[in-house]
Amino acid sequence: MSPINRQTTKESSKKIQVWKKIGYGSAVNKPLLDVLAGVRQSPPPIWMMRQAGRYLPEYRAIREKAGSFLDLCYSPDFAAEVTLQPVRRFNFDAAILFSDILVIPHALGQNVRFVAGEGPRLDPIGDRDGLKPYLRAPDQAVLSPIYETIRQVKPQLPPHVAFLGFCGAPWTVATYMIAGQGTPDQAPARLFAYREPEAFAALVDTLVEASSAYLIRQLQAGVDAVQLFDTWAGILAPEEFQRWVIEPASRIVAKVREAVPDAKMIGFPRGAGTGLRAYVDQVPVDAVSLDWMVGREFSREIHARVPVQGNLDPLALLAGGVGLDRAVDDVLATFAERPFIFNLGHGILPETPIAHVEQMIARVREAAHRHHPRA
(Lines give C-alpha, C1' and ligand atoms only; values in the text may rest on other atoms or scores of the structure.)
Protein backbone atom coordinates (compact mmCIF):
# COMPACT_ATOMS: atom_id res chain seq x y z
CA MET A 1 0.00 0.00 0.00
CA SER A 2 1.35 3.41 -0.95
CA PRO A 3 2.01 6.15 1.64
CA ILE A 4 -0.98 8.08 0.30
CA ASN A 5 -3.28 5.09 0.77
CA ARG A 6 -2.00 4.32 4.27
CA GLN A 7 -2.62 7.91 5.32
CA THR A 8 -6.04 8.24 3.67
CA THR A 9 -7.23 4.90 5.07
CA LYS A 10 -6.25 6.04 8.57
CA GLU A 11 -7.99 9.39 8.10
CA SER A 12 -11.14 7.74 6.69
CA SER A 13 -11.30 5.24 9.55
CA LYS A 14 -11.20 8.08 12.08
CA LYS A 15 -13.88 9.98 10.21
CA ILE A 16 -16.14 6.94 9.96
CA GLN A 17 -16.05 6.64 13.76
CA VAL A 18 -17.08 10.30 14.05
CA TRP A 19 -19.95 9.79 11.60
CA LYS A 20 -21.19 6.79 13.57
CA LYS A 21 -21.22 8.83 16.78
CA ILE A 22 -23.44 11.47 15.18
CA GLY A 23 -25.90 8.94 13.85
CA TYR A 24 -24.58 7.88 10.45
CA GLY A 25 -23.55 4.39 9.61
CA SER A 26 -25.89 2.50 11.93
CA ALA A 27 -26.76 0.46 8.85
CA VAL A 28 -25.55 0.85 5.27
CA ASN A 29 -28.32 3.27 4.42
CA LYS A 30 -27.23 5.68 1.69
CA PRO A 31 -29.64 8.61 1.33
CA LEU A 32 -28.70 9.26 -2.29
CA LEU A 33 -29.49 5.68 -3.28
CA ASP A 34 -32.80 5.95 -1.42
CA VAL A 35 -33.69 8.92 -3.62
CA LEU A 36 -32.78 6.95 -6.75
CA ALA A 37 -35.15 4.25 -5.47
CA GLY A 38 -37.92 6.88 -5.27
CA VAL A 39 -37.81 7.60 -1.52
CA ARG A 40 -37.82 11.24 -0.42
CA GLN A 41 -35.14 12.23 2.09
CA SER A 42 -35.09 15.20 4.49
CA PRO A 43 -32.70 16.89 4.27
CA PRO A 44 -31.98 15.87 0.70
CA PRO A 45 -28.64 14.22 -0.02
CA ILE A 46 -26.07 16.64 -1.40
CA TRP A 47 -22.97 16.50 -3.59
CA MET A 48 -21.49 18.75 -6.27
CA MET A 49 -20.46 18.15 -9.83
CA ARG A 50 -16.67 18.69 -10.07
CA GLN A 51 -16.52 18.57 -6.27
CA ALA A 52 -12.94 17.28 -6.49
CA GLY A 53 -11.09 20.10 -8.17
CA ARG A 54 -9.15 23.32 -8.26
CA TYR A 55 -11.16 25.17 -5.60
CA LEU A 56 -9.60 22.82 -3.00
CA PRO A 57 -5.99 23.45 -1.91
CA GLU A 58 -5.50 19.74 -1.18
CA TYR A 59 -6.48 18.97 -4.78
CA ARG A 60 -4.02 21.52 -6.14
CA ALA A 61 -1.24 19.94 -4.08
CA ILE A 62 -1.92 16.49 -5.53
CA ARG A 63 -2.33 17.91 -9.03
CA GLU A 64 1.14 19.42 -8.84
CA LYS A 65 2.64 16.09 -7.81
CA ALA A 66 0.83 14.11 -10.51
CA GLY A 67 2.23 15.89 -13.57
CA SER A 68 -0.29 16.09 -16.39
CA PHE A 69 -4.05 15.98 -15.88
CA LEU A 70 -4.26 12.60 -17.61
CA ASP A 71 -1.48 11.29 -15.37
CA LEU A 72 -3.67 12.29 -12.44
CA CYS A 73 -6.68 10.47 -13.93
CA TYR A 74 -4.66 7.32 -14.62
CA SER A 75 -2.82 7.16 -11.28
CA PRO A 76 -5.06 5.15 -8.92
CA ASP A 77 -3.29 6.42 -5.79
CA PHE A 78 -3.66 10.07 -6.76
CA ALA A 79 -7.14 9.71 -8.30
CA ALA A 80 -8.42 7.87 -5.23
CA GLU A 81 -7.06 10.58 -2.96
CA VAL A 82 -8.73 13.44 -4.83
CA THR A 83 -11.99 11.47 -5.05
CA LEU A 84 -12.02 11.24 -1.26
CA GLN A 85 -10.89 14.80 -0.46
CA PRO A 86 -14.27 16.60 -0.74
CA VAL A 87 -16.04 13.83 1.20
CA ARG A 88 -13.58 14.21 4.06
CA ARG A 89 -13.80 18.00 4.06
CA PHE A 90 -17.57 18.46 3.60
CA ASN A 91 -19.20 15.12 4.52
CA PHE A 92 -20.99 15.00 1.17
CA ASP A 93 -23.55 12.23 0.64
CA ALA A 94 -21.76 11.04 -2.50
CA ALA A 95 -18.24 10.68 -3.82
CA ILE A 96 -17.84 10.85 -7.58
CA LEU A 97 -15.01 9.04 -9.29
CA PHE A 98 -12.23 11.40 -10.31
CA SER A 99 -11.68 10.98 -14.03
CA ASP A 100 -12.66 12.72 -17.27
CA ILE A 101 -15.14 12.09 -20.07
CA LEU A 102 -12.32 12.10 -22.64
CA VAL A 103 -10.70 8.90 -21.41
CA ILE A 104 -12.98 7.06 -23.84
CA PRO A 105 -11.62 8.74 -27.01
CA HIS A 106 -8.15 8.28 -25.53
CA ALA A 107 -8.84 4.56 -25.16
CA LEU A 108 -10.11 4.51 -28.75
CA GLY A 109 -6.70 5.73 -29.87
CA GLN A 110 -7.24 9.46 -30.30
CA ASN A 111 -4.52 11.77 -29.04
CA VAL A 112 -5.88 13.60 -25.97
CA ARG A 113 -4.00 16.23 -23.99
CA PHE A 114 -4.91 19.04 -21.60
CA VAL A 115 -3.41 22.49 -22.11
CA ALA A 116 -3.11 24.65 -18.99
CA GLY A 117 -5.60 27.49 -19.08
CA GLU A 118 -7.21 26.23 -22.30
CA GLY A 119 -8.69 22.80 -21.56
CA PRO A 120 -8.69 19.60 -23.60
CA ARG A 121 -7.14 19.27 -27.02
CA LEU A 122 -7.62 16.32 -29.35
CA ASP A 123 -6.53 15.71 -32.92
CA PRO A 124 -9.60 16.95 -34.85
CA ILE A 125 -11.45 14.73 -37.32
CA GLY A 126 -12.31 16.38 -40.61
CA ASP A 127 -14.04 13.68 -42.66
CA ARG A 128 -15.33 10.12 -42.66
CA ASP A 129 -11.88 8.72 -43.45
CA GLY A 130 -10.56 10.45 -40.35
CA LEU A 131 -13.09 8.54 -38.24
CA LYS A 132 -12.04 5.07 -39.34
CA PRO A 133 -9.15 4.54 -36.90
CA TYR A 134 -11.48 5.15 -33.95
CA LEU A 135 -14.38 2.90 -34.94
CA ARG A 136 -13.22 0.04 -32.75
CA ALA A 137 -13.41 -1.26 -29.21
CA PRO A 138 -11.54 0.80 -26.59
CA ASP A 139 -8.22 -0.40 -25.23
CA GLN A 140 -9.10 -1.67 -21.76
CA ALA A 141 -5.47 -1.41 -20.71
CA VAL A 142 -5.88 2.39 -20.94
CA LEU A 143 -8.99 2.28 -18.76
CA SER A 144 -7.89 -0.36 -16.23
CA PRO A 145 -6.28 2.17 -13.80
CA ILE A 146 -9.70 3.81 -13.45
CA TYR A 147 -11.24 0.56 -12.25
CA GLU A 148 -8.36 0.21 -9.80
CA THR A 149 -9.15 3.70 -8.49
CA ILE A 150 -12.69 2.53 -7.77
CA ARG A 151 -11.42 -0.50 -5.90
CA GLN A 152 -9.16 1.71 -3.78
CA VAL A 153 -11.84 4.29 -2.96
CA LYS A 154 -14.68 1.92 -2.12
CA PRO A 155 -13.44 0.60 1.26
CA GLN A 156 -12.43 4.09 2.39
CA LEU A 157 -15.90 5.62 2.09
CA PRO A 158 -18.08 6.00 5.18
CA PRO A 159 -21.17 3.80 5.16
CA HIS A 160 -23.71 6.49 4.28
CA VAL A 161 -21.80 7.86 1.26
CA ALA A 162 -22.81 6.65 -2.19
CA PHE A 163 -20.09 6.15 -4.78
CA LEU A 164 -20.85 7.51 -8.26
CA GLY A 165 -19.18 6.63 -11.52
CA PHE A 166 -19.79 8.40 -14.81
CA CYS A 167 -19.07 8.78 -18.47
CA GLY A 168 -19.72 11.33 -21.17
CA ALA A 169 -22.72 10.71 -23.38
CA PRO A 170 -21.97 9.84 -27.03
CA TRP A 171 -23.07 13.19 -28.48
CA THR A 172 -20.92 15.26 -26.12
CA VAL A 173 -17.88 13.01 -26.48
CA ALA A 174 -18.30 13.05 -30.27
CA THR A 175 -18.32 16.85 -30.32
CA TYR A 176 -14.84 16.92 -28.79
CA MET A 177 -13.58 14.13 -31.02
CA ILE A 178 -14.67 15.99 -34.17
CA ALA A 179 -13.69 19.55 -33.22
CA GLY A 180 -10.63 18.66 -31.19
CA GLN A 181 -11.78 21.02 -28.42
CA GLY A 182 -14.82 22.74 -26.98
CA THR A 183 -16.27 25.54 -29.12
CA PRO A 184 -19.10 27.99 -28.31
CA ASP A 185 -21.73 25.97 -30.22
CA GLN A 186 -19.84 22.79 -31.22
CA ALA A 187 -20.56 23.66 -34.86
CA PRO A 188 -17.92 21.27 -36.29
CA ALA A 189 -19.75 18.20 -34.95
CA ARG A 190 -23.16 19.54 -35.90
CA LEU A 191 -21.99 20.19 -39.46
CA PHE A 192 -20.37 16.76 -39.62
CA ALA A 193 -23.61 15.10 -38.48
CA TYR A 194 -25.63 16.97 -41.15
CA ARG A 195 -23.14 16.33 -43.96
CA GLU A 196 -22.12 12.78 -43.07
CA PRO A 197 -24.99 11.31 -41.05
CA GLU A 198 -24.02 7.69 -41.70
CA ALA A 199 -20.41 8.21 -40.70
CA PHE A 200 -21.45 10.20 -37.62
CA ALA A 201 -23.92 7.46 -36.69
CA ALA A 202 -21.07 4.95 -36.88
CA LEU A 203 -19.09 7.07 -34.40
CA VAL A 204 -22.09 7.33 -32.08
CA ASP A 205 -22.60 3.55 -32.30
CA THR A 206 -18.96 3.04 -31.33
CA LEU A 207 -19.37 5.40 -28.38
CA VAL A 208 -22.57 3.67 -27.26
CA GLU A 209 -20.74 0.34 -27.12
CA ALA A 210 -17.62 1.78 -25.48
CA SER A 211 -19.54 3.84 -22.92
CA SER A 212 -21.82 0.97 -21.98
CA ALA A 213 -18.89 -1.37 -21.40
CA TYR A 214 -17.08 1.34 -19.42
CA LEU A 215 -20.05 1.95 -17.11
CA ILE A 216 -20.59 -1.77 -16.63
CA ARG A 217 -16.96 -2.20 -15.59
CA GLN A 218 -17.28 0.73 -13.17
CA LEU A 219 -20.34 -0.85 -11.55
CA GLN A 220 -18.61 -4.21 -11.34
CA ALA A 221 -15.58 -2.55 -9.72
CA GLY A 222 -17.74 -1.07 -6.95
CA VAL A 223 -19.55 2.18 -7.77
CA ASP A 224 -23.14 2.35 -6.52
CA ALA A 225 -24.61 4.37 -9.40
CA VAL A 226 -23.48 6.12 -12.57
CA GLN A 227 -24.22 9.44 -14.25
CA LEU A 228 -24.36 10.04 -18.00
CA PHE A 229 -23.12 13.57 -18.76
CA ASP A 230 -24.41 15.14 -21.98
CA THR A 231 -22.97 18.61 -21.54
CA TRP A 232 -23.70 19.75 -25.11
CA ALA A 233 -27.21 18.30 -25.44
CA GLY A 234 -28.84 21.73 -25.47
CA ILE A 235 -27.35 22.96 -28.76
CA LEU A 236 -29.25 20.51 -30.98
CA ALA A 237 -32.42 21.00 -32.97
CA PRO A 238 -35.32 18.81 -31.71
CA GLU A 239 -34.92 16.11 -34.37
CA GLU A 240 -31.18 15.96 -33.82
CA PHE A 241 -31.71 15.88 -30.05
CA GLN A 242 -33.88 12.81 -30.52
CA ARG A 243 -31.33 11.09 -32.75
CA TRP A 244 -28.07 11.97 -31.05
CA VAL A 245 -29.07 12.39 -27.38
CA ILE A 246 -32.20 10.42 -26.53
CA GLU A 247 -31.69 7.33 -28.66
CA PRO A 248 -28.02 6.72 -27.68
CA ALA A 249 -28.81 7.30 -24.00
CA SER A 250 -31.69 4.81 -24.17
CA ARG A 251 -29.40 2.22 -25.72
CA ILE A 252 -26.73 2.76 -23.07
CA VAL A 253 -29.22 2.33 -20.23
CA ALA A 254 -30.54 -0.87 -21.82
CA LYS A 255 -27.05 -2.32 -22.34
CA VAL A 256 -25.90 -1.46 -18.82
CA ARG A 257 -29.00 -2.98 -17.23
CA GLU A 258 -28.70 -6.10 -19.36
CA ALA A 259 -25.38 -6.72 -17.65
CA VAL A 260 -26.22 -5.16 -14.25
CA PRO A 261 -30.02 -5.42 -13.89
CA ASP A 262 -30.32 -3.23 -10.80
CA ALA A 263 -27.94 -0.52 -12.04
CA LYS A 264 -28.89 2.95 -10.80
CA MET A 265 -28.39 5.65 -13.43
CA ILE A 266 -28.69 9.45 -13.56
CA GLY A 267 -29.04 11.32 -16.84
CA PHE A 268 -27.86 14.88 -17.38
CA PRO A 269 -28.85 16.35 -20.77
CA ARG A 270 -27.61 19.86 -20.00
CA GLY A 271 -29.52 22.66 -21.70
CA ALA A 272 -32.24 20.34 -22.98
CA GLY A 273 -35.06 22.70 -22.04
CA THR A 274 -38.46 21.33 -23.00
CA GLY A 275 -36.65 18.36 -24.56
CA LEU A 276 -36.47 17.04 -21.00
CA ARG A 277 -40.03 15.77 -21.41
CA ALA A 278 -39.03 13.41 -24.18
CA TYR A 279 -35.80 12.51 -22.42
CA VAL A 280 -37.44 11.36 -19.18
CA ASP A 281 -40.22 9.61 -21.10
CA GLN A 282 -37.83 7.64 -23.33
CA VAL A 283 -34.64 7.21 -21.30
CA PRO A 284 -35.41 5.08 -18.22
CA VAL A 285 -32.96 6.72 -15.83
CA ASP A 286 -33.57 6.69 -12.08
CA ALA A 287 -33.12 10.47 -11.86
CA VAL A 288 -32.49 13.40 -14.17
CA SER A 289 -30.11 16.22 -13.35
CA LEU A 290 -31.34 19.73 -14.15
CA ASP A 291 -29.20 22.70 -15.11
CA TRP A 292 -29.88 26.10 -13.53
CA MET A 293 -31.69 27.40 -16.64
CA VAL A 294 -34.77 25.20 -16.15
CA GLY A 295 -37.73 27.21 -14.86
CA ARG A 296 -39.36 26.29 -11.59
CA GLU A 297 -42.79 25.35 -12.95
CA PHE A 298 -41.29 23.20 -15.68
CA SER A 299 -38.92 21.68 -13.10
CA ARG A 300 -41.93 20.60 -11.05
CA GLU A 301 -43.47 19.00 -14.13
CA ILE A 302 -40.32 16.95 -14.69
CA HIS A 303 -40.08 16.19 -10.97
CA ALA A 304 -43.57 14.67 -11.05
CA ARG A 305 -42.25 12.08 -13.51
CA VAL A 306 -38.84 11.18 -12.07
CA PRO A 307 -36.55 12.02 -9.12
CA VAL A 308 -34.56 15.16 -9.83
CA GLN A 309 -31.03 16.33 -9.11
CA GLY A 310 -29.86 19.96 -9.30
CA ASN A 311 -30.16 22.84 -10.02
CA LEU A 312 -28.37 25.63 -8.14
CA ASP A 313 -26.61 28.14 -10.38
CA PRO A 314 -22.82 27.78 -9.86
CA LEU A 315 -22.60 31.58 -9.97
CA ALA A 316 -24.91 31.80 -6.94
CA LEU A 317 -22.44 29.60 -5.11
CA LEU A 318 -19.58 31.81 -6.26
CA ALA A 319 -21.47 34.92 -5.05
CA GLY A 320 -22.19 33.62 -1.55
CA GLY A 321 -23.95 35.75 1.04
CA VAL A 322 -27.68 36.46 1.13
CA GLY A 323 -28.00 35.72 -2.58
CA LEU A 324 -26.72 32.18 -2.06
CA ASP A 325 -29.09 31.57 0.85
CA ARG A 326 -32.01 32.81 -1.23
CA ALA A 327 -31.05 30.61 -4.19
CA VAL A 328 -30.64 27.53 -1.98
CA ASP A 329 -34.01 28.13 -0.34
CA ASP A 330 -35.64 28.53 -3.75
CA VAL A 331 -34.26 25.20 -4.95
CA LEU A 332 -35.30 23.43 -1.76
CA ALA A 333 -38.82 24.87 -1.92
CA THR A 334 -39.23 23.83 -5.55
CA PHE A 335 -38.32 20.20 -4.96
CA ALA A 336 -39.44 19.72 -1.34
CA GLU A 337 -42.32 17.34 -1.95
CA ARG A 338 -40.65 14.54 -3.92
CA PRO A 339 -37.36 12.57 -4.03
CA PHE A 340 -34.57 15.05 -4.72
CA ILE A 341 -30.75 15.29 -4.71
CA PHE A 342 -29.30 18.74 -4.07
CA ASN A 343 -26.57 19.65 -6.55
CA LEU A 344 -25.40 22.42 -8.81
CA GLY A 345 -26.75 22.96 -12.29
CA HIS A 346 -23.24 22.26 -13.61
CA GLY A 347 -19.74 21.99 -12.13
CA ILE A 348 -18.42 24.19 -9.34
CA LEU A 349 -16.32 27.09 -10.62
CA PRO A 350 -12.62 26.84 -9.65
CA GLU A 351 -12.57 30.28 -8.03
CA THR A 352 -15.42 29.45 -5.62
CA PRO A 353 -14.48 30.10 -1.96
CA ILE A 354 -14.59 27.09 0.32
CA ALA A 355 -16.59 29.14 2.83
CA HIS A 356 -19.40 29.45 0.28
CA VAL A 357 -19.53 25.67 -0.11
CA GLU A 358 -19.75 25.34 3.65
CA GLN A 359 -22.53 27.95 3.72
CA MET A 360 -24.50 26.08 1.05
CA ILE A 361 -24.19 22.72 2.79
CA ALA A 362 -25.23 24.17 6.15
CA ARG A 363 -28.23 25.87 4.54
CA VAL A 364 -29.39 22.62 2.92
CA ARG A 365 -28.94 20.49 6.01
CA GLU A 366 -30.46 23.03 8.39
CA ALA A 367 -33.54 23.43 6.20
CA ALA A 368 -35.12 20.28 7.56
CA HIS A 369 -34.76 21.61 11.11
CA ARG A 370 -36.12 25.02 10.14
CA HIS A 371 -39.24 23.49 8.63
CA HIS A 372 -39.60 20.58 11.04
CA PRO A 373 -38.39 21.73 14.48
CA ARG A 374 -37.98 19.15 17.17
CA ALA A 375 -40.78 18.92 19.76
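Arg 88 is buried, at a relative accessible area of 12% (buried means under 20%, exposed over 50%, partly exposed in between, using a 1.4 Å probe and protein chains only). You'll find Arg 88 in helix α5, residues 76-90, and its side chain makes a polar contact of 3.0 Å with the side chain of Glu 81 (a pair of N or O atoms within 3.5 Å, where one must be able to donate a hydrogen and the other to accept it; residues adjacent in sequence count only if both atoms are side-chain atoms).

A quick word on the model: it is predicted, with local features needing pLDDT of at least 70 and side-chain atom pairs pLDDT 80 or more, while totals for chains, interfaces and linings use all residues. Residues are numbered from 1 along each chain as its sequence is written, and side-chain values use heavy atoms, leaving out hydrogens and water.

Most residues other than glycine have a negative phi, and most peptide bonds are trans.

| Residue | Phi | Relative accessibility |
|---|---|---|
| Arg 50 | about 60° | 54%, exposed |
| Gln 186 | about 50° | 1%, buried |

Arg 50 sits in the loop between α2 and α3, and Gln 186 in the one between α9 (170-179) and α10 (187-195). Helices here are DSSP runs (H or I, at least four residues), as are strands (E, at least two), numbered from the N terminus.

As for cis peptide bonds, one joins Ser 42 and Pro 43, with omega about 0°. Pro 43 belongs to the loop between α2 (31-36) and α3 (57-66). Another runs from Gly 310 to Asn 311, with omega near -20°, and Asn 311 is part of strand β8, residues 308-312.
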